[in-house]
Amino acid sequence: MAGEVIVDALPYIDQGYDEPGIREAVMAMVEEETRRYRPTKNYLEHLPQLSLHQFESEIMKTEFERLQSRLPMEMMSMKRYELPQPPAGKTTDVASWSECVDNSSAQLEHQATRIANLELMARYGAEAWKGYNAALVRMLHQLQRQLQELRKEIQEVNWQRKTTQTEAGEKLKHLEASWVSLVSKNFEIERACVELEKEIAGLEADYDLKKKALQSQQAAERSEPSDKSQNKEQPEEKEEKMDTEAGQPESTEEAPSDKTGVD
């Protein structure tokens with residue numbers, strides 16, 4: 001099926017992972033593949049263009065510019081916590097004194113606010129911290145329960161994986177033993193077939209030799225009667241020749257007598 005991933009590793013039954021040099025060899029193979037891998041597709045092309053300046057404020061932009069320019073950071077101004085008097089040339093200036101009075105009032109109000117915060121913290125701070133700590137403890141217990149549940153699920157998954165892989169390992173061992181047995185039987189059958197082929201070839205060669213010998217013997221036996229008939233014909237021819245030779249003088253002698261008789 002498309003998109004299906006088949007994992008053929010069985011770490012609970014496979015051996016050899018802890019042998020020296022295995023990890024280095026695997027990492028070398030991974031590095032080689034990553035060097036050869038060249039992505040040909042942008043997997044983020046369906047997303048909008050990333051805007052890095054969307055959440056930057058003016059202060060952040062100014063600070064980033066300062067960092068890019070490698071300028072030192074400005075020291076914290078403590079002027080707002082000071083109570084300066086008007087300059088020497090403005091001791092009679094009402095506006096300068098009004099500014100100093102406003103600054104003093106702001107500083108006084110700031111100190112009053114700090115005192116109020118300290119009083120509130122002294123009265124309610126302990127209980128607030130207790131409540132905060134109790135909330136943290138509740139969050140801690142809740143996260144611990146979640147952690148225990150996750151560990152339990154992980155343990156169950158690991159046990160299930162181990163059981164599945166152990167069963168698969170037993171099945172693979174059985175199949176491997178069957179395969180080895182079948183391969184051995186096939187090898188024995190092939191060897192027996194080769195021996196039978198050799199035996200058949202030897203028998204065919206013996207049969208061919210015997211057949212050729214029999215054919216030559218039959219040919220020899222067939223040739224013997226023809227030789228005998230030829231030998232019989234030769235004496236008859238000799239007798240006929242002898243008869244003809246013996247009859248020729250008689251015919252020559254009789255011829256003159258015939259001629260004399262005619263005369």
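**Confidence and single residues**

Modeller: In the protein chain, confidence is highest in helix α2 (residues 58-69), at a mean of 91, and lowest in helix α3 (residues 94-262), at 83; these values are pLDDT, the predictor's confidence in each residue, from 0 to 100. This is a predicted model, in which local features need pLDDT of at least 70, side-chain atom pairs count only at pLDDT 80 or more, and totals for chains, interfaces and linings use all residues. Residues are numbered from 1 along each chain as its sequence is written, and side-chain values use heavy atoms, with hydrogens and water left out.

Colleague: What is the mean pLDDT of the protein chain?

Modeller: The mean for the protein chain is 82, and 82% of its residues reach 70 or more.

Colleague: And where does pLDDT stay under 50?

Modeller: That is residues 249-263, for which the model has zero contacts beyond four places in sequence, a contact being heavy atoms within 4.5 Å. Where pLDDT is low, the predicted coordinates should not be read in detail.

Colleague: OK, the fold then. How many helices and strands does the protein chain have?

Modeller: There are three helices and zero strands, giving the pattern α-α-α along the sequence. Both are DSSP runs numbered from the N terminus, with helices being H or I of at least four residues and strands being E of at least two.

Colleague: How much of the chain is buried?

Modeller: Buried residues make up 4% of the 263 residues, where buried means under 20% relative accessible area, exposed over 50% and partly exposed in between (1.4 Å probe, protein chains only). The chain exposes about 25,200 Å², of which carbon and sulfur atoms supply 58%; the areas come from the Shrake-Rupley method with a 1.4 Å probe, and for residues only the protein chains shown count as cover.

Colleague: Back to α2, what span should its residues have?

Modeller: At 1.5 Å a residue, the twelve residues of α2 should span 16 Å, and the end C-alpha atoms are 16 Å apart, which agrees; the expected span is 1.5 Å times one less than the number of residues.

Colleague: Is Arg66 buried or exposed?

Modeller: Arg66, which lies in helix α2, is buried, with a relative accessible area of 16%. Not counting residues up to four places away in sequence, Arg66 touches Leu71, Pro72 and Met73.

Colleague: What happens just after α2?

Modeller: There Arg70 takes a positive phi of about 60°, although Arg70 is not a glycine. Arg70 lies in the loop between α2 and α3 and is exposed, with a relative accessible area of 75%.

Colleague: Which residues does Lys90 touch?

Modeller: Leaving out residues up to four places away in sequence, Lys90 touches Ser96 and Trp97. Lys90 lies in the loop between α2 and α3, and counts as partly exposed at 43% relative accessibility.

Colleague: New topic, how many aromatic pairs does the structure hold?

Modeller: The structure holds one. The ring centres of Trp129 and Tyr132 are 5.6 Å apart and the planes are at 85°, so the pair is edge-to-face. Rings of Phe, Tyr and Trp (its six-membered ring) pair if their centres lie within 6.5 Å, and planes under 30 degrees apart count as stacked, over 60 as edge-to-face and the rest as tilted. Both residues lie in helix α3, three residues apart, about one turn of the helix; Trp129 counts as exposed at 52% relative accessibility, and Tyr132 is partly exposed at 47%.

Colleague: Last one, how many disulfides are there?

Modeller: The count comes to zero, taking a disulfide as a pair of cysteine sulfur atoms within 2.5 Å. Cys100 is buried, with a relative accessible area of 17%, while Cys193 counts as partly exposed at 37%.
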